[in-house]
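Hello,

Here is the structure we talked about. Please take a look, then read on for the aromatic pairs and salt bridges.

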Amino acid sequence: MQNRLLNSVLTLATTAAAVGTVVAVLGTQTSAQGPAATSLKTSALQTPWGEPDLQGIWTVEYDTPLQRSPRYGNQEFFTDAQRAEFDRLRSQNRGRDERGGRGSELDVAGAYNDEFGAMKRTGKRTSAIVDPPDGRMPSLTPEAQKIAAEDRSLRLALMQATQTCKLNLPGCAGGKFDPTPTTRRDELTPRYNTARMNRHDRVEDGALADRCLTIGLPEFGAGNGGGSFRRIVQTPGGISIAYDVGQGQGWQRNIVMDGRPHLPSDIRQWFGDSRGHWEGNTLVIDVTNFSPKADYRGSRENLHVVERWTRTSPTTLEYVAVVEDPTVWTRPWKVIQEFGKQNEQENRIFYEPRCVEGNYGHPAILKASRQEDREFAVGRGPDPLTRDNASGGASSDPLMQ
């Protein structure tokens, strides 16, 4: 069970029947990589009530790393030759998607990823992050580094007796092998856990994806080669955005557009509190009030995101997001993405998220873990802490390295 996400929020009554998440069936392919148009010159890109029309199904049609590889320095765009070479290398390097012999474990794993994943062509940008100029996230604050180190210490301790650490694989980076399992198995995490741990003693030991919970905002593209779509629906005075991410999971958000202030600071929501307004042809959304149980790369209740959505042509939409949390990063950082409009006739629409594995899979995982404990207690099996149930392999995609 990989990257399973789930959560849903109430949608506006007037748009509930219209918003939904989208199965990743690409329709008309459009290039979303060109420069943004400075203005829209046609009234056809307005709603009947006179607002800029952002409606439709949108996705990023090219692969672009969130962060830039250090080898490209301040080079913001690939050359055509570099893109062609990446496409050639990536087509030959299937990584975890490689199929093995019929009926083998590698065959089953590859089939799973073939079903839910895809490989897109290399985009023009060397990174989605455009500020800082090096295309990388700013440094963590000293306090954020301390919290991350405490969290990592426990995770590595739970991994220390596994083959992953013995072979010095990426899942044990920063740790070391010790054949004696740790005595810290019963220790709680420093704060609410959101990532998979090498134990299944309680539901919260699983990752958010295992529990069909999505990270939510900011959403710069879930894994598996492009399972990241959003459907925008507008009504007079209201905007809803439905996301289909990963492997059929999804969630919805409603944008409050009537000028009301943000919710009181003691009211926290999984996807934050979105308040929007128009600046010319651009929809500007200010998002605050995130839950301390949500987690975006270490940022939780202090996360602040400002989004700018601009229709740049009949088939393209520019998305700009500025992300900040002074308790986590030493400065704000900015992302630019270009979305292409998808054919709505060739895409099936689902009105609810479809991640169900967490509803029955997680109890089964917990039950199996208790059985492993019982078997080990009577000498019929290995110590569960000698098995790696937490880490995944590092990306083998040369674009991401």
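Rings of Phe, Tyr and Trp count as a pair if their centres lie within 6.5 Å, with the six-membered ring used for Trp. By that rule, a search of the whole structure gives eleven aromatic pairs. Keep in mind that this is a predicted model.

W251 and F271 are stacked, at 4.2 Å centre to centre and 15° between the planes. The pair links distant parts of the chain. W251 sits in strand β6, F271 in the loop between β6 and β7, 20 residues apart. W251 is buried at 0% relative accessibility. F271 is buried too, at 5%.

W329 and W333 pair edge-to-face. Their centres are 5.5 Å apart, with 80° between the planes. W329 is buried at 3% relative accessibility, and W333 is buried at 0%.

Now the charges. The whole structure has 25 salt bridges.

- R121 to D87: the closest N and O atoms are 3.6 Å apart. This one links distant parts of the chain, from the loop between α2 and β3 to helix α1, 34 residues apart. R121 is exposed, at 59%.
- R155 to D151: 2.6 Å between the closest N and O atoms. Both lie in helix α3, four residues apart, so about one helical turn separates them. R155 is buried at 13%; D151 is partly exposed at 23%.
- E344 to K341: 3.5 Å between the closest N and O atoms. E344 is partly exposed, at 30%.

Finally, a network: R185, D201, R370 and D373 are joined by salt bridges that share partners.

Best wishes

Note on methods. Residues numbered from 1 in each chain as written. Predicted model: local features only at pLDDT ≥ 70, side-chain atom pairs only at ≥ 80, totals over all residues. Heavy atoms only, no water. Phe/Tyr/Trp six-rings, centres within 6.5 Å; stacked < 30°, edge-to-face > 60°. Helix = DSSP H or I, 4+ residues; strand = E, 2+ residues; numbered from the N terminus. Buried < 20%, exposed > 50% of the residue type's maximum accessible area, 1.4 Å probe, protein only. Salt bridge = Lys/Arg side-chain N within 4 Å of Asp/Glu carboxyl O.
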